[in-house]
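Hi everyone, thanks for making time this morning. I'd like to walk you through a structure, so let me put it on the screen.

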Amino acid sequence: MIFNNQYIQERIKKAQKLREEGINPYPQNIKKGITSKEFFSKFNSLKELESEEKEDKDAQVTLTGRVKFIRIMGKAAFAKIEDEDGLVQIYYNRDELPEGYYNNIVKKLFEVGDIIQATGYPFVTKTGELTLHCTDLKMVTKAIHPLPEKFHGLQDQELRYRQRYLDMIVNPEVKDRFKLRSKIVSIVRRFFEENGFLEVETPMMHPIPGGANARPFITHHNALGVDRYLRIAPELYLKRLVVGGMEAVFEINRNFRNEGMDHTHNPEFTMLEFYWAYHTYEDLMNLTEKLFERLFSELNLPKKMQYGDLEIDFSTPFRRIKWEDALVEIAKVPKEILRDKEGLKEFLKSHDIEVDDNLSLGKLQEEIFDNFIEKELINPTFLTHYPVDISPLARRNDEDPQITDRFEFFIAGKEIANGFNELNDPLDQYERFKAQVAQKESDDEAMHMDLDFVRALSYAMPPTAGEGIGIDRLVMLLTNQHSIRDVLLFPAMKPESIEKQIEASNQEQIACKKCGNTNKEELKPAKKGKGYFCKDAAACAKRASNKK
């Protein structure tokens, strides 16, 4: 039974008591009234009044929110309720509510966690806090599960990810972070629209996984009787639209990759991809710089920001360095062995890095990049001119056919974006797909052959440049978060068994109601069986004082 916890049972009884008193604990048709932000904006001026009574009895105000704190003082009480904008203090007493309502209903049946509606007039307390003096209180939604203790809080990180709703209730800064994420996405969308790009939608289930080197998730389409692959990337569909005459398109999309999980990878994630006909990868880098300038301007962020222990300088223009130059300058690879497979193998072995003898030249260079270079790219850096064999969709450089007109964008040692001049030669694309298919025996992330995409290119795609930017990693940077789970509302988690869910729901939180002490040996049950208190009252008072 999911509701076996003694506190939950008490609250269920109180919900039933409300019904017996003719009060629906879950009413509908509730109008919200003004927000806490509007309340403070409209009535903060009361603090400036010179009169002893700083109040406005003619103003009738209704506030709705979740009860976060209650302090009962006999015939009167103070509480704090929270809506989307913040906390507001309310005051209510026995004599100004209907007869018996305070003692029998509000005092006994309204609790922390409930959503209530308060109506009254604004006044300023003796301590100078703008407060709502209530003449009416209504139950909006009865919470039957208690919130974590005020001082004990919600500390279990896994629980915070699994129960994001509770995380946002208890930790308002989490809610603010996700509001900021939405604002970032909105700025990105407006930026591209204002620069002449058209937002489009492409399929999320593909007949062939493509657009990136990654393992797909596989599902089955019953009506068609065929397997489908969840989108790895929208690239090949967006380029089909360029063939069809849409010369500047973008999509903010969900991608799915059946790969490992760590602080920067989640099986599903959000990407921005855009394609721009008659432009080059240099234009993309310039546009990316302008996007960051726009983000920092609208978010009012300093150009020099802390990201953990790192200070990152976002001043434009960003650094640009060629792939092979980085191998020489940062990894200290001798210039004469840059394109010598045996020399690169010996270089890696000299650093105790074992490699597969069958790796291509580009893959060997990539091993060096992964081990020596990526972590050094702290300030925003465009790394350009990648090898052909690790860039199956990028256009070859006209002067050096072994490299491509491609860049990746790095900040704080992590890839943020990938862009290149698109390959629009259908014969070259066909041969590259064939080479990828040949690698599938040793590389399960290699691309599949997509004949329809090759056919689309054969109808002529204009010279085009395209780029993808990881929205999740971008948000991590701008909010100083170091795990992708902290910028995803609902990150991927191992499923809980039904038994574990019930156990977690019914698990009693053992903590002192006054100071949050969790040492069971120092606690004793409350007289009425509701919670725990410290055995040592003096130590409890000291801890509570230090928590404030």
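One definition before we start: I call a residue buried when its relative accessible area is under 20%. Please also keep in mind that what you see is a predicted model.

With that cut-off in hand, let's go to helix H14, residues 471–479. How many of the residues of H14 are buried? The count is 9 of the 9, so the helix is largely enclosed by the rest of the structure. The buried residues are Ile471, Asp472, Arg473, Leu474, Val475, Met476, Leu477, Leu478 and Thr479. Just after H14 comes Asn480, with a positive phi of about 55°.

Now for the sheet. Eight strands make an open sheet with mixed pairing, and the order is E6-E10-E11-E18-E17-E16-E15-E14. At its edges are E6 (198–199) and E14 (319–322), each pairing on one side only. Inside that order, E11 (residues 268–277) and E18 (residues 464–470) are antiparallel, with 7 bridges between them.

Let's move on to another set of strands, built around E9. Strand E8 (residues 218–221) runs antiparallel to E9, and 4 bridges join them. The two form a hairpin with 4 residues between them, and in the turn Gly225 has a positive phi of about 70°. His221 stands opposite Val226 in E9. E9, residues 226–230, also pairs with E7, residues 205–206, again in the antiparallel sense, over 2 bridges. There, Met205 has Leu230 of E9 as its bridge partner.

My last stop is Ile23. Where does Ile23 lie? Its place is in the loop between helix H1 (6–20) and helix H2 (36–43). Setting aside neighbours within four places in sequence, Ile23 is in contact with Leu18, Tyr101 and Ile105. For a sense of scale, take Ile23 and Thr381: they are 358 residues apart in sequence, and from C-alpha to C-alpha they are 62 Å apart in space.

How values were computed
Residues are numbered from 1 along each chain as its sequence is written. This is a predicted model: local features need pLDDT of at least 70, side-chain atom pairs count only at pLDDT 80 or more; totals for chains, interfaces and linings use all residues. Side-chain values use heavy atoms; hydrogens and water are left out. Two strands pair if DSSP finds at least two bridges between them. Contact means heavy atoms within 4.5 Å. Buried means under 20% relative accessible area, exposed over 50%, partly exposed in between (1.4 Å probe, protein chains only).
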